Amino acid sequence: MQLPLNELFETIQGEGSKTGMPSTFVRLQGCEVGCPWCDTKHTWHMTEAAPLLEVLDKTGSDARFAWVSVGQLVHLVSERRSRHVVLTGGEPCQYDLETLTAQLLDAGLSVQIETSGTEPVRAEADVFVTLSPKLNMPGGRTIVEATLERADEVKMPIGKLDDVTRLERLLSRRKSLLTQQQIWLQPLSESQKATELCRQAAAERGWRVSLQMHKQANIL
Ligand code: SF4
């Protein structure tokens, strides 16, 4: 099985409950959700396949991706120092991640998936799933019920009060309850207005605010 790799890099996980973990990020190409404020729009389309070495060398917003086998990807990740792997995108759950996550766990790594919730999660049970729900986006995708149930934390991008209401409506659909510590509000673009809205909404509900620590530290 081959997966489209857009980027592979080491950094610090800067969001949600895994904040502070040195991590290898594996960014897969492809997403059909279409969030207007997406900061990885270069991952949306499957147009520019390139040699793996070129992809491993590049940084920043670059649409080139390389097809890699699961074995190659596990090898590339295993030779990095970080013992935590974050599978992100794009929308990584477009792909069947069962074999990849099984082999990463077998290699002694902890594994996290960041997903918009618009696809089923096909991954090992021990994988930590961060659901960052993207509701009412131009791509017209909806949240998959099984993914909502599977989430180990929910991290909602918040720009206005309506987003908090949408999140509450979404959480009411989940059968098993999340603890307050599993629910994060993430201010869009970390504007002062959105951050203050998140602070107030989180304080009223016992939730948490996720600021992008890696951006404040000016690292990837
Ligand atoms: S789901 Fe993620 S990658 Fe896809 S458009 Fe939205 S923010 Fe961008």
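# A chat about one model

Biologist: Let's start with N136: is it buried or exposed?

Modeller: N136 is exposed, because its relative accessible area is 62%; here buried means under 20% relative accessible area, exposed means over 50%, and partly exposed lies in between, with a 1.4 Å probe and protein chains only. This is a predicted model, where local features need pLDDT of at least 70 and side-chain atom pairs count only at pLDDT 80 or more, while totals for chains, interfaces and linings use all residues. Residues are numbered from 1 along each chain as its sequence is written, and side-chain values use heavy atoms, with hydrogens and water left out.

Biologist: Where is N136 found?

Modeller: N136 is in the loop between β6 and α4 (145-150); helices (H or I, at least four residues) and strands (E, at least two) are DSSP runs, numbered from the N terminus.

Biologist: And what about the phi of N136?

Modeller: Its phi is positive, about 55°, although N136 is not a glycine. Most residues other than glycine have a negative phi, and most peptide bonds are trans. S189, also a residue other than glycine, has a positive phi near 60°; it is placed in the loop between β8 and α6 and counts as exposed because its relative accessibility is 71%.

Biologist: Which residues does the cis peptide bond join?

Modeller: The cis bond joins G89 and G90, with omega about 10°, and G90 is in the loop between β4 and α3.

Biologist: Let's go to the whole fold; how many helices and strands are there?

Modeller: The protein has seven helices and nine strands. The nine strands form an open sheet with mixed pairing, in the order β3-β1-β2-β4-β5-β6-β7-β8-β9, where two strands pair if DSSP finds at least two bridges between them. At the edges stand β3 (66-69) and β9 (208-209), and each has a single partner strand, so one side of each is left without a neighbour in the sheet. Helix α6 (residues 192-205) packs on the sheet and touches β7, β8 and β9, and its direction makes about 160° with that of β8; axes are lines fitted to C-alpha atoms, for helices over the stretch in contact, and angles run from 0 to 180 degrees between N-to-C directions.

Biologist: How many bridges join β1 to β2?

Modeller: Seven bridges join strand β1 (residues 2-12) to β2, and the two run antiparallel; L5, for instance, has L28 in β2 as its bridge partner.

Biologist: What is T24 in contact with?

Modeller: T24 lies in strand β2 (residues 22-28) and counts as buried because its relative accessibility is 0%. Leaving aside neighbours within four places in sequence, its contacts include L8, F9, E10, V77 and H84; contact means heavy atoms within 4.5 Å.

Biologist: Then why is β7 described as largely enclosed?

Modeller: Six of the six residues of strand β7 (residues 153-158) are buried, so the rest of the structure largely encloses β7. E153, K155 and P157 point one way from it, and V154, M156 and I158 the other. β7 pairs in parallel with strand β6 (residues 128-131) over two bridges, and five bridges join β7 to strand β8 (residues 183-187), again parallel. In β8, L185 is the bridge partner of M156, and β7, helix α5 (residues 161-172) and β8 make a right-handed β-α-β unit.

Biologist: Last topic: what percentage of the residues in the protein is buried?

Modeller: Buried residues make up 50% of the 220 residues. The C-alpha atoms fill a box of roughly 50 × 35 × 30 Å, taken along the principal axes.

Note on methods: Right-handed = clockwise from strand over helix to strand, strands pointing away.
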